[in-house]
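The structure is a predicted model, and the sections below proceed from the whole chain to selected details.

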Amino acid sequence: MPMSPAFENRLKAALPRIVETFGTPFHIYDAEGLHRTCELFERAFQEIDCREYFAVKALPNPAVMRLLAGHGFGFDTSSISELTLARTAGARGEDMCFTSSNTSVAELEAALEAGAMITVDDEAILDTLAGRLTVPGALAFRVNPGRSLEGQGNHLFGEPETTKFGVPADRLVKVCARARDLGVREIGLHMMTTSNVLRPEPLLLTLDLLLERAREIEHEVGLPVTSINLGGGIGIPYRPQEEPFDLIAFGAAVGERLAGWSSPHGRGRPAIRFECGRYITGPHGALVTRVVNRMDKWQPFVGVDASMVSLMRPALYSWAYHHITAPFAEGRPREVVDVVGSLPENNDRLGRERDLPVLAEGDVLVVHDTGAHGHAMGFNYTGRSRPQELLLHPDGSVELIRRAETERDLFATLDFTPRLLESPAVQGDPV
């Protein structure tokens, strides 16, 4: 679903006082919309054993995470810091998954200590667990389907055979057998080869392939496959003309496939897991920014006080789109402009060729659907600081849930005790 008209209307009504109180730019999240999407997710999968593990990387803010935890959601983490955030939001043990790539010993140790379900992205991780840490009784394995999904990848992941993710499907049984010999007693399977899909077919194909692999593992390895993680590929319609993903129909289709599957050993059907970030929070966030100036070159530009520091996606991905509106400029003549930030990079554009009212300095713009991978992907190039985050509550109150960064924050890593490793060169040695 895109940014809802209800959120848009609530935000417009509150914007004058929010901007006056907090200034700009800021990301703001709609608590009512978040609750609504969580309830929809619960309803769509109520007939099966299913749990959402929210991808912390999408919106790593404890205030929002606690709201999601209140709906029974767990958290999918990929770093030690994300494990810490999940615990701050109340997660314990099985409330957390740890899904990472090229994972260090320290990260694996932290995931084990937290009691999180570890998703093995490569056999090298199994080597590390066996050689330097502890092999837990339950492990999940990310599967790279290779050519069995040829032509099914997308612009984020590429074709499966070109990605860095997952145990190659033709080695999966062997790796699971080794895990069994190391003491693993139950297996989870994970696969994610596409992202932001608006139709169910790629995800249902993923489910079909993983159910087939589950049968193979149970038959040849003798271990139960207790969970299947379909990743976080469910998308949202960033463009106004796009149709939203039909979650209710998808939930019914998943239930039908599970009903038709049986274990070779008569065990129960695997639970379904998701690690959605974008679908859960994406439409319920907006970046609010103000016009700093207009620039008329060979084409018109509108410069704003936000930039790719606040929203990286349009600069990182040439195909990424976020709708932009000017809520207080209705009735003016319209023009086509690029909306740009202040960084000395030509791709620092929040929107290209946008049909907007003629804008002037001080006008407020709303960049839609920034509730996932918005603030989280921010950075500090040229010493720019990431903006504040706000939470709009159903009663109309607005809570500051992350202050804006300051210059002191940016320079904090320069405050340290000096250390010097002296050169090993001695007299007579070449330098």
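## The chain as a whole

Of the 431 residues of the chain, 52% count as buried. The chain holds twelve helices and 18 strands. Its C-alpha trace spans about 75 × 70 × 40 Å along the principal axes.

The radius of gyration is 24 Å, which agrees with the value near 22 Å that a compact globule of 431 residues would have. Among contacts between residues at least 6 apart in sequence, 70% join residues at least 24 apart.

Strand β1 covers residues 26–30, and five of its five residues are buried. In a regular strand the side chains alternate between the two faces of the sheet. In β1, F26, I28 and D30 point one way, while H27 and Y29 point the other way; all are buried.

Two strands pair with β1. Strand β17 (residues 388–392) runs parallel to β1, with five bridges between them, and Y29 stands opposite L391 there. Strand β11 (residues 285–296) is antiparallel to β1 and is joined to it by four bridges; in β11, G285 is the bridge partner of Y29.

The loop between α1 (5–22) and β1 contains P25. The peptide bond joining T24 and P25 is cis, with omega about 0°.

E52 belongs to strand β2 (residues 50–55). E52 is buried but has no salt bridge: R51, the nearest side chain of opposite charge, is 9.1 Å away. A polar atom of the E52 side chain does lie 3.5 Å from the backbone nitrogen of F54.

Beyond its neighbours within four places in sequence, E52 is in contact with F41, F73, G74, F274, E275, C276 and I280.

Most residues other than glycine have a negative phi, and most peptide bonds are trans. D369 is not a glycine, yet its phi is positive, at about 60°. T382, also not a glycine, has a positive phi of about 60°.

D369 is located in the loop between β16 (364–368) and β17, and T382 likewise has its place in the loop between β16 and β17. Are these residues buried or exposed, fully or partly? D369 has 2% relative accessibility and therefore counts as buried, the cut-off being under 20%.

Note on methods:
Residues are numbered from 1 along each chain as its sequence is written. This is a predicted model: local features need pLDDT of at least 70, side-chain atom pairs count only at pLDDT 80 or more; totals for chains, interfaces and linings use all residues. Side-chain values use heavy atoms; hydrogens and water are left out. Buried means under 20% relative accessible area, exposed over 50%, partly exposed in between (1.4 Å probe, protein chains only). Two strands pair if DSSP finds at least two bridges between them. Lys and Arg count as positive and Asp and Glu as negative; His and the chain ends are not counted. A salt bridge is a side-chain nitrogen of Lys or Arg within 4 Å of a carboxyl oxygen of Asp or Glu. A polar contact is a pair of N or O atoms within 3.5 Å; within protein, one must be able to donate a hydrogen and the other to accept it, and residues adjacent in sequence count only if both atoms are side-chain atoms. Contact means heavy atoms within 4.5 Å. The radius of gyration is taken over C-alpha atoms; the globule rule is 2.2 Å times the number of residues to the power 0.38.
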